[in-house]
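Subject: Structure handover

Hello,

Here is the structure I promised to pass on. Please open it first, then read my notes below.

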Amino acid sequence: MKLSIIIPTINEEKAIGQVIKEIPIKTLEKNNYKTEILIIDGASTDSTKSIAEKQGAKVITEKRKGYGRAYKTGFKKAKGDIIITADGDYTYPMTAIPDLLETLNKENLDFITTNRFKHRDKKSVRTLHLIGNHILTLATQLLYHVKIKDSQSGMWIFRKKILKNLTLTSDGMPFSEEIKIEAYKKGLRCKEIPIKYRTRIGEVKLDSYQDGIKNLKFLITKKLRHN
Ligand SMILES: Nc1nc2c(ncn2[C@@H]2O[C@H](COP(=O)(O)OP(=O)(O)OP(=O)(O)O)[C@@H](O)[C@H]2O)c(=O)[nH]1
Ligand SMILES: [Mg+2]
């Protein structure tokens with residue numbers, strides 16, 4: 001089986017090397033997975049791209065802004081039967097990938113999303129970000145009846161073939177909740193699994209308040225459009 005690990009980046013030079021190094025390529029090979037690592041870079045001005053290339057990743061530049069935009073470009077380029085996503089800031093545990101794949105296959109799932117809140121480092125999520133996260137997760141549950149505990153997690157493991165069934169409209173941060181809503185609402189076999197979550201390496205780029213409001217607006221607009 002082929003795996004595509006997709007990581008969007010903007011100026012993540014302090015973390016990206018460690019993120020790629022942590023991917024357990026040898027264990028995956030032993031389990032018969034051939035892995036490609038795609039870095040979808042939003043025109044970083046630091047050494048993110050050269051570090052990633054040196055570590056064996058394929059770097060694709062996507063100058064159009066946005067986290068969702070980067071993923072849409074990455075999904076088009078991915079050759080894997082299974083796609084795995086993560087941030088380029090060393091927050092998500094790449095070591096968990098073999099176990100997550102085992103669950104996907106053993107339980108015959110289509111889409112796994114992860115929950116960062118059960119086993120996270122104390123300082124990994126800033127207070128404002130944490131409050132925003134809970135509000136957005138509650139809005140997702142109330143508006144869409146999707147019973148997940150972490151609507152903003154950026155680590156997903158899914159079969160590429162499901163993408164043709166998903167309507168993914170967001171180019172920004174709301175893409176994260178949109179892909180989960182779409183997977184759950186389209187009746188796919190989905191599961192949320194707790195993972196370890198670490199404190200970010202490198203500068204924070206999110207504006208918790210502004211991005212939170214934009215996400216909430218997105219959830220409401222998508223719901224209204226749907227109705
Ligand atoms: N290509 C691309 N990557 C982006 C863009 N915005 C964010 N990223 C990357 O997407 C990932 C998620 O962004 P983060 O800034 O970590 O967002 P977050 O995880 O909600 O916030 P933190 O708690 O600060 O980590 C990171 O690897 C970013 O470098 C973008 O517009 N284009
Ligand atoms: Mg992050």
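Let's begin with a loop. N32 is found between α2 (25–30) and β2. Keep in mind that the whole model is predicted. Is N32 buried or exposed? N32 has 7 C-beta neighbours inside 10 Å, so N32 counts as exposed. The cut-off for exposed is 12 or fewer. The backbone deserves a look too. Phi of N32 is positive, near 70 degrees, and N32 is not a glycine. Most residues other than glycine have a negative phi.

A43 is another case. Its phi is near 55 degrees, again a positive value in a residue other than glycine. You will find A43 in the loop between β2 and α3 (48–54). A43 has 13 other C-beta atoms within 10 Å, so A43 is partly exposed.

Next, E62. This residue sits in the loop between β3 (58–61) and α4. With 18 C-beta neighbours inside 10 Å, E62 counts as partly exposed. What does E62 touch, beyond residues up to four places away in sequence? The list is I40, D41, G42, R69, A70 and T73. K186 is 124 residues from E62 along the chain, and their C-alpha atoms are separated by 29 Å.

Now compare G88. Its loop runs between β4 (82–85) and α5 (97–106). G88 has 29 C-beta neighbours inside 10 Å, so G88 counts as buried. Buried means 20 or more. Which residues is G88 in contact with, leaving aside neighbours within four places in sequence? They are I7, P8, T9, E12, A15, I16 and V19. Take I7 from that list. I7 and G88 are 81 residues apart along the chain, yet their C-alpha atoms are separated by 5.9 Å.

Ligand 1 is surrounded by 22 residues, and the closest are P8, G42, A70, D87 and G88. By class, the shell has 7 nonpolar, 7 polar and 8 charged residues.

On to the helices. Two packed helices are described by the angle between their axes and the distance between the axes. Helix α6 (residues 127–144) packs with helix α7 (residues 175–185) at an angle of about 30 degrees, and the axes are 12 Å apart. Angles under 35 degrees count as roughly parallel, so α6 is roughly parallel to α7. The crossing of the pair is right-handed. On the α6 side, L136, T140 and Y144 make the contact. The contact of α6 with α7 has 3 nonpolar, 1 polar and 2 charged residues.

Why is α7 described as largely enclosed by the rest of the structure? Because 9 of its 11 residues are buried. These are F175, S176, E177, E178, I179, K180, I181, E182 and A183. What do the buried residues of α7 pack against? Their partners are α4, β5 (111–120), α6, β6 (156–159), β7 (190–197) and α8 (208–226). G187 follows α7, and its phi is positive, near 75 degrees.

Best wishes

Note on methods: Residues are numbered from 1 along each chain as its sequence is written. Chains are lettered from A and ligands numbered from 1 in the order in which they are written. This is a predicted model: local features need pLDDT of at least 70, side-chain atom pairs count only at pLDDT 80 or more; totals for chains, interfaces and linings use all residues. Axes are lines fitted to C-alpha atoms, for helices over the stretch in contact, and angles run from 0 to 180 degrees between N-to-C directions. Helices (H or I, at least four residues) and strands (E, at least two) are DSSP runs, numbered from the N terminus. Angles under 35 degrees count as roughly parallel, over 145 as roughly antiparallel, 65 to 115 as roughly perpendicular and the rest as oblique. A crossing is left-handed if the near helix is turned anticlockwise from the far one by less than a right angle, and right-handed if clockwise. Two residues are in contact if their C-beta atoms, placed from the backbone, lie within 7 Å. Ala, Val, Leu, Ile, Met, Phe, Trp, Tyr, Cys and Pro count as nonpolar, Asp, Glu, Lys and Arg as charged, and the others, Gly among them, as polar. A residue is near a molecule or strand if its C-beta atom, placed from the backbone, lies within 6 Å of it.
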